[in-house]
Structures are given as structure tokens and as C-alpha cells.
Amino acid sequence: MIRLVDVCFSVGAFELRSFNLEIERGEYFAILGPTGAGKTRLLEIIAGLQRPSSGEVWIADENVTALPPDRRRVGFMYQDYLLFPHLTVRKNIMFGLHDKTKKERLRRVDEISHLLGLDNLLDRHVTGLSGGEQQRVALARALAPQPRVLLLDEPLSALDPQNRRAVRRELTDLHQKLGTTTIHVTHDFEEALVVADRLAVVNKGEIVQIGLAEDVVRKPQSAFVADFFGVENIFKGEIVLCDQSESPGAEVYNAIFKSGALRLSVIAEGEGPAYAAIRPEDVIVSRELGHSSAMNNLRGKIVEIETTGPLVRLTADVGVRLVALLTRQSLVSLKLDKDVDAYFSVKASAIHIF
């Protein structure tokens, strides 16, 4: 449905270098990356608002590289919405329907406003609307011309957490109903996991990893991607294969990961230099060594405790710095505190090697 073929583009210090990307028809695709990674530039190139210096842009088997934006049938929603404050909701939604008859414009506004729950707001000016309502108006305006591609640039960034969750659900429901091929740019990996089928992580104008959303988050292929997705436990070391398994009921592993004094039983495909990544939520904390099937039981001292709402982030010294995430209830029941010794257990299958 959408193909970028060897696209190159530069402005100032930013540069896209031989960028290639393919998105299937009807797919909900997310693009993630830090500020300045090139996410918005990509959308503008697809929409025709920026012209690549070389390469091709294809939409629905049509080379649109030289086509102006109004001939690409692409809906674009910027993060600040860019609504017209002097117009009503109805006229904002109607703005992209100038090639239709008045009857067709009114019918399409009624259809899309009903779909997005805007029926009672059509005659109001957008300046008096809440952030969530403005977001839906901007989305309705982008969808009104029935685009074959919908581009969303940080669509939820201006919303408070409660509205963000609600609109996130609306976006997934809307995509299931309409099936419009959608590219959703964000820096929030939780948001991408909820809405996207697949995602790409970009940095400095290049794709550094692409795949199913869950796979990319759980199995980062570089230290940059792991760090970007909040995998705070990243260790550089080497893999030694040992072709060993424990007795029935215990976890199977086939290698040892070594990083300084750290030794971890892991599952790996080969020997040599590697990184090991452990998500904080995969670290099991206990005061005594129990009968867990986890192969890796590290004893250490808690050096820092940070409470964030219902969750607690523990930093421990187990010979290396290790971060664990647990609930406040677990913290209290285990009587954990700073300078207290504890066990930190990790299953071999929870350690990602790359």
C-alpha cells in the first residue's frame, strides 16, 4: 500500500539516507523515535509536503513522488490539530470537501461526525471545545475526504492521561470499522503497543528496528532500542554455549552470559560478544531464596527506592546495577527498604540476548 524506496532527504543537520519502508493495505503502523529522529519528516514526505532529493514514494501501486499533496488522497493530522478557530466544527470538518456538492459535503459531515460522536458539537466554534473534542474534530477533518492513507503526527500528545487512554481506544475502534491504512507517529511505546499492528523505531533518519509491536518491545536488537523502550538493565559481555538443561520442571537454558562478575544462564543462538537485556518487571524480588524455577538468583543490597503511583522502582547492587519493578503492596509485605539485602531472580527465558 505504501512504499518508500531509497528515499533521501536533508534539511539543515537532518538527513534521511536511502530510507526504505513498506506498509500493507489496512495496516495500523506506528513510527517511534526520539525528538529529531525524523518521524514528522517521513509523514510530510508521504503526504507530499516535502519532496525527497532522490528515491520514490508509492501509494496503492502508484508512484506519487511528483504528485502534489491534494492529488495523493492522504489525510494528515498534526499534533497541534491546526483547526480554524473562527469556524464551527461543521465548517472545519467540511474544509477538505471543496470538490463535493453542498449536499455531498453535508452528508459526509453527518456521517463522520456521527462516527466520532460529534453530532452535538457541529454548530459550536472549536475554541470552546476540550482537548479531546478538538482532537476528534481534527481527526474527523482528516477522515472526511475518505483518504486512502491516514497520517497521525503525535495525535495524543496534547491530551491528559485520562483522555489519552479514551482516544487511544477510539482510534483502534475506528480503524477496525474503517480499515484505513494508518501511520501513527509517537514517542510513547505504550501507545504504540495498544494501537499498532507493526512498528518501526527510527533514529537519526534511519530505521533501527522494525517488526510486530510486541516483538520489538520485548526483543530489542540494539542497545539504543532497548534503552528507548525502558529496558534499564542492559549488560555488555559475551556468550559461552554449554548445551545444558536442568532436571524436569526446571527451566531450560543452553548458554552462560558473562559480564565482569555477572553470570547469567540464558538462551542464545551462538557464542561471542553480546548484550543481555532484562526488563525491570521481569525481575522477581524476594527476601529468601525460594523454589522458583528461575535459573538466575542474584543476591544484593537495595541502594535506591523510587515510588511512582502504585509501582515501586528498586535499584540494587548485585555486583552490577540492577533495576526491578514491583507493586507498593509487595514492597510493604516483603519489608523491603534501602540497605536491605534481598534476592533478585530472573528466568533465562526473560533475558533477551542480542
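Strand β12 (residues 255-259) is joined to β13 by 5 bridges, and the two strands run antiparallel. They belong to a predicted model of a protein with 9 helices and 20 strands. The protein has 354 residues, of which 47% count as buried. Its C-alpha atoms fill a box of roughly 75 × 45 × 40 Å, taken along the principal axes. Of the contacts with a separation of 6 or more, 65% are between residues 24 or more positions apart.

**The open sheet**

- The strands β12 and β13 are part of an open sheet of 5 strands, in the order β13-β12-β11-β14-β20.
- Pairing in this sheet is antiparallel.
- At the edges are β13 (262-266) and β20 (352-353), each of which pairs on one side only.

**Helix α1**

- Helix α1 covers residues 39-47, and it is largely enclosed by the rest of the structure because 7 of its 9 residues are buried.
- Those buried residues are Lys 39, Leu 42, Leu 43, Glu 44, Ile 45, Ile 46 and Ala 47.
- An α-helix has 3.6 residues a turn, so residues three or four places apart point the same way.
- Glu 44 has a relative accessibility of 12% and therefore counts as buried.
- Arg 41, with a relative accessible area of 27%, is partly exposed.
- After α1 comes Gly 48, whose phi is positive, near 90°.

**Salt bridges between separate parts of the chain**

- The whole structure has 16 salt bridges.
- Side chains of opposite charge can pair when their charged atoms come close.
- Arg 168 forms a salt bridge with Glu 190, with 3.6 Å between the closest N and O atoms.
- Because Arg 168 lies in helix α5 (residues 161-178) and Glu 190 in helix α6 (residues 189-195), this pair ties together parts that are 22 residues apart in sequence.
- Arg 168 is buried, at a relative accessible area of 9%, while Glu 190 is partly exposed, at 43%.
- Asp 282 and Arg 218 also meet through their side chains in a salt bridge, at 2.7 Å from N to O.
- This pair links distant parts of the chain, 64 residues apart: Asp 282 is in the loop between β14 (272-278) and β15 (284-286), and Arg 218 is in helix α7 (residues 213-218).
- Arg 218 counts as partly exposed, with 32% relative accessibility.
- Both residues of the pair belong to a network of salt bridges that links Arg 218, Arg 279, Glu 281 and Asp 282.

**The cavity**

- A search of the whole structure finds 1 cavity of 30 Å³ or more.
- The largest cavity holds about 80 Å³ of space.
- Its lining is made up of Tyr 28, Leu 139, Leu 143, Leu 150, Leu 152, Leu 171, Leu 174, His 175, Leu 178, Thr 180 and Thr 182.
- Elements that give two or more residues to this lining are α4 (131-143), β7 (149-153) and α5.
- Helix α5 gives the most to the lining of the largest cavity, with 4 residues.
- By class, the lining has 8 nonpolar and 3 polar residues, and no charged residues.

**Positive phi values in loops**

- Asp 61 is a residue other than glycine with a positive phi, near 65°.
- Asp 61 lies in the loop between β4 (54-59) and β5 (62-63).
- Asp 61 counts as exposed because its relative accessibility is 69%, and the cut-off for exposed is over 50%.
- Arg 73, also a residue other than glycine, has a positive phi near 55°.
- The loop that holds Arg 73 is the one between β5 and β6 (74-77).

Conventions:
Residues numbered from 1 in each chain as written. Predicted model: local features only at pLDDT ≥ 70, side-chain atom pairs only at ≥ 80, totals over all residues. Heavy atoms only, no water. Buried < 20%, exposed > 50% of the residue type's maximum accessible area, 1.4 Å probe, protein only. Pairing = 2+ DSSP bridges. Salt bridge = Lys/Arg side-chain N within 4 Å of Asp/Glu carboxyl O. 1 Å grid on protein atoms, 1.4 Å probe; cavity = no way out; pocket = protein on both sides within 12 Å on 5 of 7 lines; lining within 4 Å. Points joined across faces, edges and corners; volume = space filled by probe spheres on them. Nonpolar A, V, L, I, M, F, W, Y, C, P; charged D, E, K, R; others polar. Contact = heavy atoms within 4.5 Å.
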